[in-house]
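Subject: Structure handover

Dear colleague,

I am passing on the structure we spoke about, with the sequence and the coordinates placed just below. Please look it over first, and then read the notes that follow.

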Amino acid sequence: MTNLTTDQLRQLNMYSIYVDAPERNLFTLKMLLDSEKTEDLLNVVQVVSGSPNRTVAASYFMRRFGMFTAMQFYNLAAYDEVWDGNNEQLHFGAKEEYGKLAVSTFASAKDWRYVEDAERRDVIKRILKDECAAVIRQIRTVTSISPLTLWENIFGFLLWQYHVLLANPGTSIEARADLNMLNDDALWEGIAPRSLFATYLKGCEPSALLNTEVRTTCCFSKDVPGLMQCGFCPLK
C-alpha cells in the first residue's frame, strides 16, 4: 500500500521514476558507488542509452539522476516528503520510454517519508552530499567529465521545478525556504567552496532563466540517439 498521492505518482512517472520493481534491473546506487563496479556499470549505461562513449554515458546517467533529485525537492516543497531508502533500495533499470530503451529510476513507495521542519536543512544537505556529490565523485573516477557538467545536469531540472513551485501559492512558501537554503554557501560546506546552485542562478530568479543559455557546459544530450540538444545549451 502506497502513501504517495496520485499526483505524486504521476509526477514521478513523468520524470522516469517508478515505485514498482524494475523488470530489467541493471544495478543499484550501492553498486554504482562501489569502486570495483563503477566502470562496468557505466559501460552498461552506455549500451542501454546508445551513447557513443563513456563520457556521454556519464552525462546521460547524471541527467537521469538529476530528474530523481528534482523530484525529491518537488516532493519536499509540495508534500514535505523525500525518498529515504538506503543505497541498496534505489534501483536503476532498463525501461522502454517513447519507443526507446532508457535508464529509469525505481524508488519504492514505502521509502518516501515525511520531513519535520526541524530536519529540513539536514535533509537537503544529505541529498546534495550523500547522493548527488557522492555519485558525481564516483563517476569521475572512471571518466574525465567535468564535475560542473554533472552538477548542471541536476540544476537544469531543479530550475524548472522551482519555477513551477514558486508560481504556485500552495507551494511557494516552502519552495522559497528550500531555495534559500540551496543558495546558502554554508549548506555546501564539505561539498563545494560556495553554493553551486547560487552560482548557476547568477543571482536571478529561476523563472527569469527559462529558455536562456544558463548552462556553461554542454550536457551532450545531442550526442545520445533519440535525444535533442537541451534548451539551456551554451553551444546554441
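**Helix H3 and its two faces**

In helix H3, the buried residues are Thr38, Leu41, Leu42, Val45, Val48 and Ser49. Seen down the axis of H3, these buried residues fall within an arc of 115°, so they line one face of the helix. The face of H3 turned away from that buried side carries two exposed residues, Asp40 and Val47. Please keep in mind while reading that this is a predicted model.

The buried residues of H3 pack against a number of elements, among them strand S2 (25–28), helix H2 (29–32) and H4, and the list also includes strand S4 (90–97), strand S5 (100–107) and helix H5 (120–139). As for its length, H3 has 12 residues (38–49), which at 1.5 Å a residue should span 16 Å, and this agrees with its end C-alpha atoms, which are 16 Å apart. H3 is followed by Gly50, whose phi is positive, near 75°.

Helix H1 covers residues 6–14, and in it Gln8, Gln11 and Leu12 are buried. They cover an arc of only 100° around the axis, which puts them on the same side of H1. On the face of H1 turned away from its buried side are the exposed residues Thr6 and Met14. The buried residues of H1 pack against strand S1 (17–18), H4, S3 and strand S6 (112–114). Just after H1, Ser16 takes a positive phi of about 60°.

How do H1 and H4 lie relative to each other, roughly parallel or roughly antiparallel? Their axes come within 11 Å and cross at roughly 160°; angles over 145 degrees count as roughly antiparallel, and H1 and H4 are therefore roughly antiparallel to each other. The crossing of H1 and H4 is right-handed. On the H1 side the contact is made by Asp7, Gln8, Gln11 and Leu12, and on the H4 side by Met71, Tyr74, Asn75 and Tyr79.

Asn75 deserves a separate look. Asn75 lies in helix H4, which covers residues 54–79, and Asn75 counts as buried because its relative accessibility is 0%. Leaving aside its neighbours within four places in sequence, Asn75 is in contact with Gln8 and Leu12, and also with Asp80, Glu81 and Trp112.

Asp80, one of those contacts of Asn75, is found in the loop between H4 and strand S3 (81–83). Although Asp80 is not a glycine, its phi is positive, at about 55°. Most residues other than glycine have a negative phi. Asp80 has a relative accessibility of 19%, and because the cut-off for buried is under 20%, Asp80 counts as buried.

**Helices H6 and H7**

A second pair of helices to look at is H6 and H7. The axes of helix H6 (residues 147–167) and helix H7 (residues 172–182) come within 7 Å and cross at roughly 140°, and H6 and H7 are therefore oblique to each other. The crossing of H6 and H7 is left-handed. H6 contributes Tyr162, Leu165 and Leu166 to the contact, while H7 contributes Ser172, Ala175, Arg176, Asp178, Leu179 and Leu182.

Which residues does Asp178 contact, leaving aside its neighbours within four places in sequence? Asp178 is found in helix H7 and, at 0% relative accessibility, counts as buried. With those neighbours left aside, Asp178 is in contact with Leu76, Ala77, Arg120, Ile124 and Tyr162, and Tyr162 is also one of the H6 residues that make the contact with H7.

**The segment after helix H8**

Lys202 has its place in the segment after helix H8 (196–201), and its phi is near 55°, a positive value in a residue other than glycine. Lys222 is found in the segment after H8 as well, and Lys222 is partly exposed, with a relative accessible area of 37%.

Conventions: Residues are numbered from 1 along each chain as its sequence is written. This is a predicted model: local features need pLDDT of at least 70, side-chain atom pairs count only at pLDDT 80 or more; totals for chains, interfaces and linings use all residues. Side-chain values use heavy atoms; hydrogens and water are left out. Helices (H or I, at least four residues) and strands (E, at least two) are DSSP runs, numbered from the N terminus. Buried means under 20% relative accessible area, exposed over 50%, partly exposed in between (1.4 Å probe, protein chains only). Contact means heavy atoms within 4.5 Å. The expected span of a helix is 1.5 Å times one less than its number of residues. The arc is that of the directions from the helix axis to the C-beta atoms. Axes are lines fitted to C-alpha atoms, for helices over the stretch in contact, and angles run from 0 to 180 degrees between N-to-C directions. Angles under 35 degrees count as roughly parallel, over 145 as roughly antiparallel, 65 to 115 as roughly perpendicular and the rest as oblique. A crossing is left-handed if the near helix is turned anticlockwise from the far one by less than a right angle, and right-handed if clockwise.
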